[in-house]
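Please look at the sequence and the 3D structure shown here before reading on. The report that follows goes through some helices, their contacts and a few single residues.

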Amino acid sequence: MGTYVVTGSASGIGAATTHLLEDEGHTVIGVDVLETTVRADLSTPQGRADAVTGIRTALRGGHLDGIAAVAGAGAHLDDPGKVLAVNYFAPVAVLEGLRRELAAGGEGRAVVVSSNSAGTAPLIDETLVRTVLTGDEEAALERARGRHIELPEEIAESAPSITAYASSKLALSLWVRRTAVTAEWAREGLLLNAVAPGAVLSPSVRSAIPPDTDPDNFPTPIPLGVFGQPEDVAFWVHQFLRPQARFTTGTVLYVDGGTDAAMRPEGS
Ligand code: NAI
């Protein structure tokens with residue numbers, strides 16, 4: 001049986017992924033700001049360093065078979081800097097910090113959870129995305145906390161957090177594509193992929209969407225006509241974690257009821 005790390009294990013997609021792995025008999029080291037194996041606040045560099053140390057302690061010198069970096073922060077947070085830090089800098093720090101432990105087993109698997117808003121939201125700040133990808137967190141947080149994109153008045157108040165969310169998820173998808181094919185990952189047998197969900201009724205989202213909301217009239221259309229459930233996304237995260245998933249790396253898989261295809265018919 002294997003040993004896996006799941007960040008964001010206390011709720012939603014992370015909890016559903018944890019259940020799938022545990023049901024197969026694997027050991028899961030959960031990481032979350034809420035109660036779990038390793039409790040850490042991934043929004044700060046210190047919290048991320050503590051998380052990596054806590055995971056190494058739990059491993060007791062052993063290797064990791066896979067990491068699912070699921071923890072994320074929604075655009076409802078007031079601080080766009082925090083949105084950016086949890087959605088981009090946290091998964092990157094956890095994956096880079098544990099790359100050695102992941103490589104030690106010979107067929108490590110890593111999955112991040114991006115979002116289809118990386119491609120469908122008209123709110124991307126290209127400068128922010130470029131800054132994030134340089135790895136300069138301080139500069140990125142400063143840019144995110146400014147107001148650089150004009151948005152309709154009804155959502156202008158939360159504009160920086162919405163922009164930080166969509167931009168952080170786009171940067172994360174780009175990081176996956178760029179990193180997965182480097183020798184440090186690909187030639188070490190490390191496979192790195194992203195799952196990009198659409199609207200999924202995890203507890204945090206469920207509480208924000210009125211119960212009678214029609215998926216066909218959601219801000220972005222959902223062609224399948226239903227919202228996703230955490231298990232629908234966890235299914236694919238789990239597939240990417242399996243040793244049998246051995247010829248796919250650098251992929252961004254949309255799990256969004258067809259939204260990305262509907263919004264970007266010319267995209268690939
Ligand atoms: P959720 O809110 O149910 O779970 C997120 C988990 O991350 C929670 O357990 C939370 O405590 C943890 N977390 C948040 N901030 C943290 C921090 N600073 N340090 C450590 N842990 C922290 O949300 P859900 O829906 O399961 O989200 C999982 C991932 O899926 C996130 O990355 C989210 O951005 C992404 N996603 C979700 C969508 C949705 O509609 N639910 C759509 C697209 C992407």
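Helices (H or I, at least four residues) and strands (E, at least two) are DSSP runs, numbered from the N terminus. The model is a predicted one, in which local features need pLDDT of at least 70 and side-chain atom pairs count only at pLDDT 80 or more, while totals for chains, interfaces and linings use all residues. Residues are numbered from 1 along each chain as its sequence is written.

Glu 96 lies in helix H3. A residue is called buried if 20 or more other C-beta atoms lie within 10 Å of its own, exposed if 12 or fewer, and partly exposed in between, with C-beta atoms placed from the backbone. Because Glu 96 has 14 C-beta neighbours inside 10 Å, Glu 96 counts as partly exposed. The C-alpha atoms of Glu 96 and Val 52 are 9.7 Å apart, although 44 residues separate the two along the chain.

Two helices can be described by their spans, for which the expected value is 1.5 Å times one less than the number of residues.

| Helix | Residues | First to last C-alpha | Expected span |
|---|---|---|---|
| H1 | 12–23 (12 residues) | 17 Å | 16 Å |
| H9 | 159–180 (22 residues) | 31 Å | 32 Å |

H9 is mostly covered, since 17 of its 22 residues are buried. Helix H3 (residues 80–97) packs against H9 at an angle of about 15 degrees, with the axes 8 Å apart; here axes are lines fitted to C-alpha atoms, for helices over the stretch in contact, and angles run from 0 to 180 degrees between N-to-C directions. H3 is therefore roughly parallel to H9, given that angles under 35 degrees count as roughly parallel, over 145 as roughly antiparallel, 65 to 115 as roughly perpendicular and the rest as oblique. Residues are in contact if their C-beta atoms, placed from the backbone, lie within 7 Å, and among those that make the contact are Val 83, Leu 84 and Tyr 88 of H3 together with Ala 164, Tyr 165 and Leu 172 of H9. By class, this contact of H3 with H9 has 12 nonpolar, four polar and one charged residues, where Ala, Val, Leu, Ile, Met, Phe, Trp, Tyr, Cys and Pro count as nonpolar, Asp, Glu, Lys and Arg as charged, and the others, Gly among them, as polar.

Helix H6 (residues 126–134) also packs with H9, at an angle of about 50 degrees and with the axes 9 Å apart. H6 and H9 are therefore oblique to each other. Their contact is made by Leu 128, Val 129, Val 132 and Leu 133 of H6 and by residues of H9 including Leu 170, Ala 171 and Trp 175. The residues of the contact of H6 with H9 divide into eight nonpolar, two polar and no charged.

In H1, the buried residues are Gly 12, Ile 13, Gly 14, Ala 15, Ala 16, Thr 17, Thr 18 and Leu 21. What covers these buried residues of H1 includes strand S1 (3–7), strand S2 (27–32) and helix H12 (230–241). Just after H1, Gly 25 has a positive phi of about 95 degrees.

Arg 60 belongs to the loop between helix H2 (45–59) and strand S4 (66–69). Because Arg 60 has 6 C-beta neighbours inside 10 Å, Arg 60 counts as exposed. Its phi is near 45 degrees, which is a positive value in a residue other than glycine. Most residues other than glycine have a negative phi.

Terms used. Contact = placed C-beta atoms within 7 Å.
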